[in-house]
Amino acid sequence: MTGAQILIESLKREGVEVLFGYPGGQVLPIFDKLYDSDLKLILVRHEQAAAHAADGYSRATGKVGVCLATSGPGATNLTTGIATAYMDSIPMVAITGQVKSFLIGNDAFQEADVTGITRPITKHNYLVKDVKDLARIVREAFYVASTGRPGPVLIDIPSDVQMQDTEFIFPQEVQIRSYKPTYFGHPGQIKKAAKIISEARKPLLYIGGGVITSASSEVLLRFANKIQAPVTWTLMGIGAFPSDHELSLGMLGMHGTAYANHAIMEADVIIAVGARFDDRVTGRLDAFAPNAKIVHIDIDPSSISKNVAVHIPIVGDAKNILGALLEEIKKAPDTKEWLKIVDTYKKKHPLIYKDEGKIKPQYVIEQIDKITKGEAIITTEVGQNQMWAAQWYKYNNPRTFISSGGLGTMGFGLPAAMGAKVAFPDREVFDVAGDGSIQMNIQELATCVANKIHVKVAILNNGYLGMVRQWQELFYKRRYSHVGITSPDFVKLADSYGALGIRVTEKKDVTAAIEKAINTENTVLIDFRIEPEENVFPMVPAGEALNRMIEGLA
Amino acid sequence: MRHTITVSVENKFGVLARISGLFSARGYNISSLAVSETLDPEISCMTIVVDAKDEKILEQIKKQLNKLIDVISITDFTKREHVERELILAKVNHSLKDKAKLDNIVNSYVAKIVFSKNKTAIIEAVGEQDNIKKLLEELRRFTVVELIRTGKIAMAKGDTQDD
């Protein structure tokens, strides 16, 4: 078999059904073999979108997403998408063509040192120098990408390697002597944790994306019910715990609920599960959770005590460890008083907005929630739209909120929605977008229409780069430096792509537009003209303690 | 504070870049780095001397190194008995009447003159960094025109590799 055939055969054996990609000179042998294969390739309009789509596919399914690009500019265009997946620990395999091996290092046409460029943004990467290594490398790449703390892995394949012949041997097992992720927590640590949880008076669960990655939602629910601790989550943890549950506190951190932030500052034991104490979550570090002993469950040892000193670290898979803790905890803590206190926080500091004047973005999200019954997959761009989507849609299931957390990548939402919709064609997929963000990858409307990927895009159009404007308003004396942004006529633009465009300028038309979008068998883009200077509240100013919030409504 | 760690890695291209990239991306300064193949030609050993202002940073460095797929094991010498050595080559200019003085100095260290012609000598010395430092101070009496150091290498005391 040729290298290209080996690649395709190996991908199939890894269970790949679809990949997102773009052809070019140095991947022609692969595209030639794709022509005869039953692997489905979605031709994007920009390689960045191929990476985001593979990422969205992965976040929606839990499987490894795959993207493919040519050498040089094709590969460098993938990097934002790879970095996005890296920051959020998303399993992805990115395949790039490379110039012929004897030309590497010669500044050949469309050459870039892609393994060099992607080294800091991949979990691991490979340059295939010998076709005999290819099958093993593909096998390893999928294994590394999807195990331990997942992440993107890149395989760079020179075009001559794609054409060389060798016998196809697909290794059954992966043997990497230096890579042995820990899946089971240390029993001694689990005992210690169980003890302090039993003795806690104000325990709190702080959960992150790791709960979703490790499919721990069910055991987490049992755990929370057993110890009767309120649960708050990070942006990445949205959907891991049902938001309609009585123990739910919603998201914490910079734009978290005020009651979650007050609760974490008051807690005496924090059980952090698959969360990494990001600065957007902790606020001012030395003021974070001053009264709490912290139990930290994470599969990545380097996440532990990186930002916040942890009292009991437990390295391993969250599902196993929560299961072990459930068995170990004989006596649940008495949290009646604590839940009462938390309840007063909820009553005193609810998540609210003033529903008056122009269309409020929060109202739009609420209506999408109502009409889709909370069952849609929501992807977001980055900025105010992302925070409103995080705050106002009620997620009750994992893998229903797909958003660029760690890197904060504008232009992520539409291609990610594409990936999610390809994975689940029968589910409703909404990209909640801003008028700024959507313009970063709006060309993918073409991909959606051409491939009948009927995603719905809700643009919260305020004529600004909204989050930047909000910061300028609050911290730069309203000096709105370069944040007013113009847009094309989105309705006409949608039309020109063959999609349906709807413009909504009045509140009374919001629900009808959403219903129409859902009932239209096409890619639909709704241009909601919202209140231009609406802000996301509550807000913890950067570098402030979590309970020092600007709550917005006096 | 300076810490010495050795890292066993897969002997493959790009691994050194991965390791050094990890340090540079986080703003940790490597003060010396020595790399070579080990008894097993598939494994290389890197001795890294790093400035880390506290234990927490050192801990993070070790954890981050451990995360790299090509890293097989890490040994931290901060709190364990070990032997450490560095090799230097120093090119020294001297007057002819000072040659005897130079010979004396060289003889009082684990050092030797490996090349000598007219008023120039190349001195090779092996030792702990403190000793090397002292030797260099003595050599300052002459004119040191060039100095090359290998960086530190280290090995734990004990009778097995893991001791």
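This is a predicted model: local features need pLDDT of at least 70, side-chain atom pairs count only at pLDDT 80 or more; totals for chains, interfaces and linings use all residues.
Which residues in α6(A) are buried?

View 1. Buried (under 20% relative accessible area, 1.4 Å probe, protein chains only) are A:Leu134, A:Ala135, A:Ile137, A:Val138, A:Arg139, A:Glu140, A:Ala141, A:Phe142, A:Val144 and A:Ala145. The helix is thus mostly covered, with 10 of its 13 residues buried. These buried residues pack against α1 (3–13), β3 (65–69), β4 (92–98), β5 (124–127) and β6 (152–158) of chain A. A:Gly148, with a positive phi near 55°, follows α6(A). Helices (H or I, at least four residues) and strands (E, at least two) are DSSP runs, numbered from the N terminus.

**View 2. The largest nonpolar core, of 70 residues.** Such a core joins buried Ala, Val, Leu, Ile, Met, Phe, Trp, Tyr and Cys residues through side-chain atoms within 4.5 Å. A:Leu205, A:Ile207, A:Phe223, A:Ile271 and A:Ile297 have the most contacts inside it. Beyond its neighbours within four places in sequence, A:Ile297 is in contact (heavy atoms within 4.5 Å) with residues including A:Ile271, A:Val273, A:Ile314 and A:Leu325. Another core, of 49 residues, lies apart and includes A:Ile42, A:Leu154, A:Ala416 and A:Ile442.

Residues are numbered from 1 along each chain as its sequence is written, and chains are lettered from A and ligands numbered from 1 in the order in which they are written. Local features need pLDDT of at least 70, side-chain atom pairs count only at pLDDT 80 or more, and totals for chains, interfaces and linings use all residues, while side-chain values use heavy atoms, leaving out hydrogens and water.

Notes: Buried means under 20% relative accessible area, exposed over 50%, partly exposed in between (1.4 Å probe, protein chains only).
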